[in-house]
Amino acid sequence: MFESKTRYSPAETEAKWYAYWEKYKCFRSNPDPIKSPYTIVIPPPNVTGVLHMGHILNNTIQDILVRRARMKGYDALWVPGTDHASIATEAKVVDKLSKQGISKNDLSRDAFLTHAWDWTTEHGDIILEQLRKLGASCDWSRTAFTMDDIRSESVIKIFVELYRQGLIYRGIRMVNWDPRARTAVSDEEVIYREEHSHLYYLRYLIENSSRGNFVTVATTRPETILGDVALCVHPNDERYSWLIDRHVLVPLINRSIPVIADECVDMTFGTGCLKVTPAHDITDYMLGEKYNLEVIDIFNDDGTMNGMVNGLYKDMDRFEVREQILLDINNLGLLGACEPYVHKVGHSERTNAVIEPRLSMQWFVKMDELAKPALEAVMNNEIRFYPAKFKNIYRHWMENIKDWCISRQLWWGHRIPVWYVEGKAGFIVAETAEAALFEARRTIHPGLQSEDLHQDEDCLDTWFSSWLWPISLFNGIKQPDNEEMHHYYPTSDLITGPDIIFFWVARMIMAGYRFTGKKPFTNVYFTGIVRDKMGQKMSKSLGNSPDPLDLIEKYGADGVRMGMMLSAPAGNDLLFDETLCEQGRNFNNKIWNAFRLVKGWEKEATETVEQTAAQTLAIEWFRPRLSQTLCEMEDLFSKYRISEAMMSAYKLFWDEFASWYLEIIKPSSSSVGGVKRLNTATVACTMDFFDSLLRILHPFMPFITEELWQALRLRQEGESIMMASIPEIGTVDTKLLADFDFTKAVVTGIRNLRCQRNLSTREVLDVYAENSHAQHFFPIAERLANIRIHEGKAQGWSASFLVGTMEYTVPINTVADIDGERDKVTKELAYQEGFLASIRKKLNNENFVRNAPPTVIEAERRKEADTLIRIHTLQLTLDTYNKPSLS
């Protein structure tokens with residue numbers, strides 16, 4: 001089979017071996033007290049998601065680590081699962097319903113949730129199926145979902161526990177409001193982008209003024225003037241000292257509002273006068289609290305005007321109002337200048353809607369107490385970040401942490417476990433409706449019925465379930481002392497992107513210490529962002545992101561995995577180019593064809609052919625060279641330099657094994673019946689090396705390595721390379737390896753000399769050296785370079801080259817085509833002299849020297865100097881060729 005196929009066909013291989021691995025439960029793990037655990041929990045992709053390039057990178061790295069851990073003898077477990085993604089999923093379901101002519105507002109909560117569960121059942125596992133095509137070796141029997149029973153019960157239990165500990169509270173606060181999703185979102189879910197807008201100058205008439213008719217205020221949001229309750233100036237701003245404690249009239253509605261003074265005002269921005277709208281700006285809200293100002297909310301939850309102020313602009317969108325209100329203010333003569341202005345505007349990460357600051361009753365988690373042990377753990381390296389640069393980013397956020405708004409005005413998600421009693425103040429926090437009713441009867445009235453209680457309509461932030469992920473996957477919230485928690489927790493490595501260091505990583509660390517007293521993981525490896533070759537972030541909406549499944553179909557999963565890892569240093573962005581996947585596919589073909597070659601030798605191997613000195617030396621060299629690479633890889637993996645570790649394995653196979661070892665040992669003469677044969681022992685050693693190489697490469701390239709490992713020797717049904725061991729590190733003889741590298745340089749020097757001098761590769765060259773290094777490997781140099789090495793220095797005319805400080809000389813007059821060489825050098829000399837003349841013509845041109853930039857003139861002078869050196873070298877060479885002894 002292998003002899004007939006010159007190219008590897010991944011499509012024929014990948015489905016076969018993935019089915020084989022699943023059939024024989026190769027990914028399964030159950031607590032094994034004999035083995036040390038190695039655990040990874042997958043960052044749960046959203047049920048709305050499909051595979052993108054970021055998933056490919058992240059999950060390739062996870063699979064490399066878990067496969068390697070299996071082969072190193074660990075009880076390796078990679079737990080998969082998905083996230084319910086409240087905002088994104090609800091948006092998908094609402095969109096689907098609207099296409100069917102159904103509005104969410106026309107449905108009951110239960111009816112809507114039925115549609116949401118149907119959608120999740122249909123789409124939720126798509127991305128997990130796609131990960132199988134990548135080769136992800138997850139224990140699929142453990143697949144979890146953030147809204148399955150165990151996870152849901154864990155979330156509710158933690159809410160109740162934190163509330164009873166005084167760490168969850170309810171209050172009216174300024175929040176980030178997403179008008180499209182109609183829900184609050186956390187600070188971390190707001191993406192700020194620069195936008196080209198305008199600064200509008202509005203005139204506020206001054207009541208009872210003898211000094212002037214109006215004061216001008218600059219704002220980017222004229223639509224919010226309906227909520228203005230004050231103007232504010234800096235107390236040290238002499239321009240407005242006379243205005244403090246006076247009153248002005250809000251344009252259009254003539255509401256009388258006071259002028260107050262506070263140091264929060266930036267005197268250099270706009271006119272130095274700030275309009276205060278406490279319901280719709282965080283700074284204004286703080287001023288309102290400080291000076292006891294009225295709060296006037298002018299918006300509905302969808303970003304339209306509520307008409308509460310004189311019925312103006314009722315139900316119009318806020319941005320439509322902006323245009324209309326400017327026209328109306330201008331008609332009153334109260335609009336001044338309008339100038340371009342660039343500023344950062346917050347957008348919802350999920351819906352891209354412009355965020356509206358809004359006062360809202362929400363549920364919050366107090367974070368200060370939770371943050372302290374989580375900060376200490378990272379700063380003292382109990383939990384290590386790779387790269388370490390992210391420690392400072394983490395520290396800054398944790399030291400300035402704000403309370404976490406955990407309520408969302410959505411139906412899809414974990415409903416907040418709080419019940420209200422009709423006509424009674426306060427509320428009851430309980431894990432179930434039954435427990436809430438029991439508590440209500442105990443504390444409020446014994447005759448209360450279930451219909452007298454109404455559960456809070458909001459659901460919890462998706463991240464409130466995700467922060468428990470490493471614990472809840474092992475049922476550690478409900479049963480903290482269970483066997484799996486003791487064995488698999490804390491987990492080993494977390495692989496994630498730096499963009500969710502606050503959303504998820506920090507909160508998981510807080511949850512780990514709070515609810516288990518232990519860290520949730522030992523190491524955090526931050527991947528970079530996948531960008532196109534121009535440096536732009538890949539996005540399907542921008543059209544610069546390929547479909548990963550198309551890449552897998554074209555290059556094979558191993559080719560794509562290799563391509564992603566060829567330029568994926570930890571924490572640094574990856575500039576993706578499809579040629580990287582092509583390079584990965586080419587490496588597959590290199591391995592495939594090398595295997596075909598050695599299997600062919602194995603078929604014809606015989607004990608009647610002696611092992612040559614070069615072959616013996618090749619085996620003697622490659623064994624410590626393989627161990628040297630294993631040492632390098634062990635060190636690189638310990639530092640989470642996974643891309644570099646892969647490159648070490650890549651170079652070992654391509655540069656050392658295929659390019660040097662196989663070239664040295666290949667049979668060079670026909671022995672029996674015109675067939676080139678190798679000694680049986682030589683082939684056996686080579687097959688052992690190939691076996692080791694496949695095991696080294698397996699974590700990076702699981703499919704082709706399984707295919708070839710199974711074909712290398714007869715295997716029992718159910719055996720897999722992933723259960724084989726990583727090769728053991730043997731003795732590394734550094735002097736022997738250095739000598740071989742020296743020998744390679746000699747061979748390369750001879751090959752270069754043949755090329756430069758047009759010397760036939762078939763002719764044996766005599767090579768001379770005095771006290772040469774690495775004489776042990778002379779048989780290899782003589783075999784590969786077709787030379788005879790002598791002690792001493794060549795007599796007569798010769799060519800030479802250096803390896804380090806060692807000079808090697810080769811008599812040329814007996815083998816070289818002297819006339820041909822003389823003609824070639826003469827032509828090159830003539831060309832260089834002509835080139836020199838053209839340069840000097842430029843430099844002797846006064847107009848050129850006067851008008852050309854200094855850098856251009858300097859470049860021409862460097863060309864002149866370089867050309868003079870080349871001409872001198874060519875003249876010396878030509879003089880040598882013209883010696884009488886060579887004629």
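Analyst: H18 and H20 cross in a left-handed sense (the near helix is turned anticlockwise from the far one by less than a right angle; clockwise would be right-handed). This is a predicted model, in which local features need pLDDT of at least 70 and side-chain atom pairs pLDDT 80 or more, while totals for chains, interfaces and linings use all residues. Residues are numbered from 1 along each chain as its sequence is written, and side-chain values use heavy atoms, without hydrogens or water.

The axes of helix H18 (residues 578–604) and helix H20 (residues 642–665) are 11 Å apart and meet at an angle of about 30°. H18 is therefore roughly parallel to H20 (under 35 degrees). Contact, meaning heavy atoms within 4.5 Å, involves Gln583, Asn586, Phe587, Lys590, Ile591, Ala594, Leu597, Val598 and Trp601 on the H18 side. From H20 come Tyr650, Phe653, Trp654, Ala658, Leu662 and Ile665.

Another helix, H19, spans residues 613–638 and contains Ser627. Ser627 has 4% relative accessibility, so this residue counts as buried (under 20%; exposed is over 50%). Leaving aside residues up to four places away in sequence, Ser627 touches Ile729, Gly730, Thr731 and Val732. With Gly730 there is also an approach at 2.9 Å, from the side chain of Ser627 to the backbone nitrogen.

Met534 sits in the loop that runs between strand S24 (530–532) and helix H16 (548–555). Its C-alpha atom is 24 Å from that of Asn59, and 475 residues separate the two along the chain.

Strand pairing can be followed in the hairpin of S30 and S31. Strand S31 (residues 806–811) pairs with S30 in the antiparallel sense over six bridges (at least two DSSP bridges make a pair). Two residues lie between these strands, and Gly804 takes a positive phi near 65° in this hairpin. Across the pair, Leu802 faces Glu807 of S31.

Elsewhere, four strands form an open sheet with antiparallel pairing, in the order S6-S5-S14-S16. Its edge strands, S6 (183–185) and S16 (404–405), each pair on one side only. Strand S5 (residues 168–178) and strand S14 (residues 356–365) are joined by ten bridges in the antiparallel sense, and Val175 has Arg358 in S14 as its bridge partner.

Terms used. Buried < 20%, exposed > 50% of the residue type's maximum accessible area, 1.4 Å probe, protein only. Polar contact = N/O pair within 3.5 Å; in protein donor to acceptor, adjacent residues only side chain to side chain. Axes fitted to C-alpha atoms, helices over the stretch in contact; angles between N-to-C directions. Parallel < 35°, antiparallel > 145°, perpendicular 65-115°, else oblique.
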